[in-house]
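User: Hi! I am new to this structure and would like to learn how to read its features. Could you walk me through it?

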Amino acid sequence: MSEITFDQIKAFQEQLAHHPAAAARSRAVQNVGPQAASREAIDGEDMKPVFSLDLDTGSVANQKKSGRCWLFATLNTVRHGIADEFGLKDFEFSQNYNAFFDRLEKANLFYENILASADKPLDDREVATYLSGPDQDGGHYDQAAALIEKYGLVPKSVMPETYNSNKTAELNSVLNEKLRKDAKVLRTLKQQHASDDAIAAKKRELLSVVYRILAYTFGNPPTTFDFEYRDDKKQYHRDTGLTPQTFFKKYVKWHFDDYIVVASDPEPSKKYQQLYTIKAANTVVERHPLTILNLPPERLEQLALAQLQAGEGVWFGNDVLADMDRKSGTLKGGLFNYNDLFDVDFHVDKTDRIVTTEAEMSHAMTFTGADVVDGKVTKWKVENSWGKDNGHDGYFVADASWFDQYVYEVVVRKSLLTEAEQAALQTTPINLPVWDFLN
Amino acid sequence: MSAEITSSDLDQFKQDLQATPGATALQKAVMNNGINTTAENTDSKVAMTPTFSIELETGAVANQKQSGRCWMFAALNTMRHGIQAQFKIKDFELSQNYTNFWDKFEKSNYFYENVLKTADQPLDSRKVAFLLATPQQDGGQWDMLSALIEKYGIVPKSVMPETYNSNKSNELNGLLNLKLRKDAVKLRKLVADKASDADIEAAKQKMLAEDYRILAYALGNPPTKFDFEYRDDDKNYHIDRELTPQTFFKKYVGWNLDDYQSIINAPTADKPYNHLYTVEMLGNVVGGREVRHLNLDIDTFKALAIKQLKAGESVWFGSDVGQSSDRQLGILDTNIYKKDDLFNTDFTMTKAERLDYGESLMTHAMVLTGVDIVDGKPTKWKVENSWGDKVGEKGYFVASDDWFDQFVYQVVISKKYLPTELQDVIKNEYAKPTVLAPWDPMGALASR
């Protein structure tokens, strides 16, 4: 091991003293921080919210202090049908309804994962990963699809937000405490070779308490309801005796099976034209498994554009925390010019960012437009779920370089894929560990 | 039930819910106000009245703001208590930014060394993945601060004040971790290409020079010489010239850091009591002091904290502050939220189960500055926090004795209070402690 010596420190200090404009740079960084000191322009022509292709969408939603972006982005994508056909432009689904069943299903998945790994020690990497976050807000597209296919959808008015759905920290802490305690109960039963019936009965008992906790925090999910509304032309409508499933069928008409998650993960351990899954992350056990088709980077852009041209929004997973200015709604590659400020080359290519876990799929949003100049997309219109006080009434602008670097997956119609790509969908997916980047 | 949740399961859950006493009333309260507010227990507020039979004389609390430097603040607080008393400078603070600078610089080097050590393991191996997940962070341990002070000394806050980046560390951490991960790729490649030791060392030196520059821009230049000027509590003026951080430490703090020992209470099966432990890949100064924890049962552990407080010395301690706590009121009490009553279910876990199942770990360091002893038994503890004076009682918190049992994991004790047989354990095992895995909960304070 080589330690830092005082001679070295002296050399570093001398180098620093000779660095051009060191004192001025230093003052800027110490007073305002590296981001404000190095930010490029955000209000230039290149980031103007004007798009050659711009879908007609409603006002943005607000996930508040919760990690439900993936759910919001999915509901934003599917609501376009109801907006057009039924004249309900600003219609919102109940995110709370889906969140209720999401958390219940995640508790069930956690129990199943704990039972399946009960023969491994507690500090095994797989077991430790399950225990580190038994039941959180986060999710992905297939998870939303599975939930909606199983439980349907309801209008926001039927199951509105509560204190806890808007601010999930307290619930998360209570629920995870309970699930970790239950993990011990289930592992012990399994290790004592309890019968399958005894384990099933215990699991049902534990899950019933989870149901109670969720009912107290999110409210009771409705089973039948009446839907009353005035459309954009002020016409009154009343539709009675709906269930969440019939409401979904009648008003949304969305076929999740027509879509596929396309990622571009260039890690050497992964192949293009290859289908992947992560079995331990399939929230709704035995439904709509997580399925990802890995394709070369240029396909992400081509497919997203083709789908927008066909008039449909595009769900996408990304690292919103990189090169983002929240207030102005700017997503611009190289927004913070740290290289200039520190005179250090911070550039890391996408592969290295993924393998070193620098890259993070931190957010999901929806593309609802693109500016195509001379056949090339120069910027994308992004529908976010952080309320309308950020960006342009809640919409963000992403430039082409940001898309290249920080968009990791898009959800597209299978019919837009080439024949070879469609053929890949018929193959058996490779199962990845829970800690893979694609999860 | 089957693996899948069926509709008959859902019907059963609904029936169970309807059969729960008071369900509809409780549901409304929780939906409108959240869990904590609904379950908060007034009895706890009464029991946690801030009166203590043993209470040290301390000054105004410090504020770590939006950074994870609690361990540093807590340690510097224990040291400033002596300065405040001996030199009569009541609200005196030591520079947390000075130790922060050297900590981040040393952690960068420590990271490079660990990357080189694990370069033969694949990127997705658990150890390499752990290392890359957080190349460096704000967190740390008592022994890590000792290592910094032994090498770099300490300075008054006025000599190296806080900056934007020390108060709000997320931008700097994001940037430095990006840089360190990039460097990790380079170093691993050099090893894979069988580069000579000299070439690897030269590459590392270049990286460290850049890290030094980044830190100097963000946190300022650490002083090497300075004058210390102050008025004491009796309004007398003093000036002490030509001090170095090392001479300042010797003169104004004067501790022999070898006299202090980290004691833990980790009652899990993998850690027998009365032995010394360290945590792999946990540290900062390569070649400096390493982490050593002596694991003791809770009664001995607690008696030592009381002994030190009775002797008039404050106690650095590590805990899981997020559990059963009301930040605004400054209460840490296992009785503060009656969750079991609210949800009609038993949430109880033992301390060992919580550690084994990842439900609890060390998240925060603070200082014990008092204890209330009634009929020979401790009932509550006075806690000096570093979250400013707007929370708790002017920044001081009250912890119940049961909370102490359940969620306090570490105290730092002057060795002179330890019985001879424990002093012998430290001597005998210091060179070869039991090594815990990098992700052990006893290392958590320094890895997040």
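Analyst: Happy to. Let us begin with B:His364, which sits in strand E10 (residues 364–374) of chain B; helices (H or I, at least four residues) and strands (E, at least two) are DSSP runs, numbered from the N terminus. Residues are numbered from 1 along each chain as its sequence is written, with chains lettered from A and ligands numbered from 1 in the order in which they are written. The model is predicted: local features need pLDDT of at least 70, side-chain atom pairs count only at pLDDT 80 or more, and totals for chains, interfaces and linings use all residues.

User: Is B:His364 buried or exposed, and why?

Analyst: A residue is buried if 20 or more other C-beta atoms lie within 10 Å of its own, exposed if 12 or fewer, and partly exposed in between, with C-beta atoms placed from the backbone. B:His364 is buried because 22 other C-beta atoms lie within 10 Å.

User: Which residues does B:His364 touch?

Analyst: Two residues are in contact if their C-beta atoms, placed from the backbone, lie within 7 Å. Not counting residues up to four places away in sequence, B:His364 touches B:Cys70, B:Ser319 and B:Val321.

User: Where does UniProt place the feature "active site"?

Analyst: The unreviewed UniProt entry puts that feature at B:Cys70, B:His364 and B:Asn385. They are spread over 316 residues of sequence but cluster in space, with a largest C-alpha distance of 9.6 Å. UniProt positions are given in the numbering used here, feature names are shortened, and annotations may be inferred rather than shown by experiment.

User: What is the setting of B:Asn385?

Analyst: B:Asn385 lies in the loop between strand E11 (377–384) and strand E12 (396–400) of chain B. It counts as buried, since 27 C-beta neighbours are inside 10 Å. Beyond its neighbours within four places in sequence, its contacts include B:Val61, B:Met366 and B:Phe397.

User: How should I read a positive phi?

Analyst: Most residues other than glycine have a negative phi. B:Met281, although not a glycine, has a positive phi of about 60°. B:Met281 is in the loop between strand E5 (275–279) and strand E6 (293–295) of chain B, and counts as buried, with 20 C-beta neighbours inside 10 Å.

User: How many residues of chain B are in contact with chain A?

Analyst: 66 residues of chain B are in contact with 66 residues of chain A. On the chain B side, helix H11 (residues 197–219) gives the most, with 11 residues.
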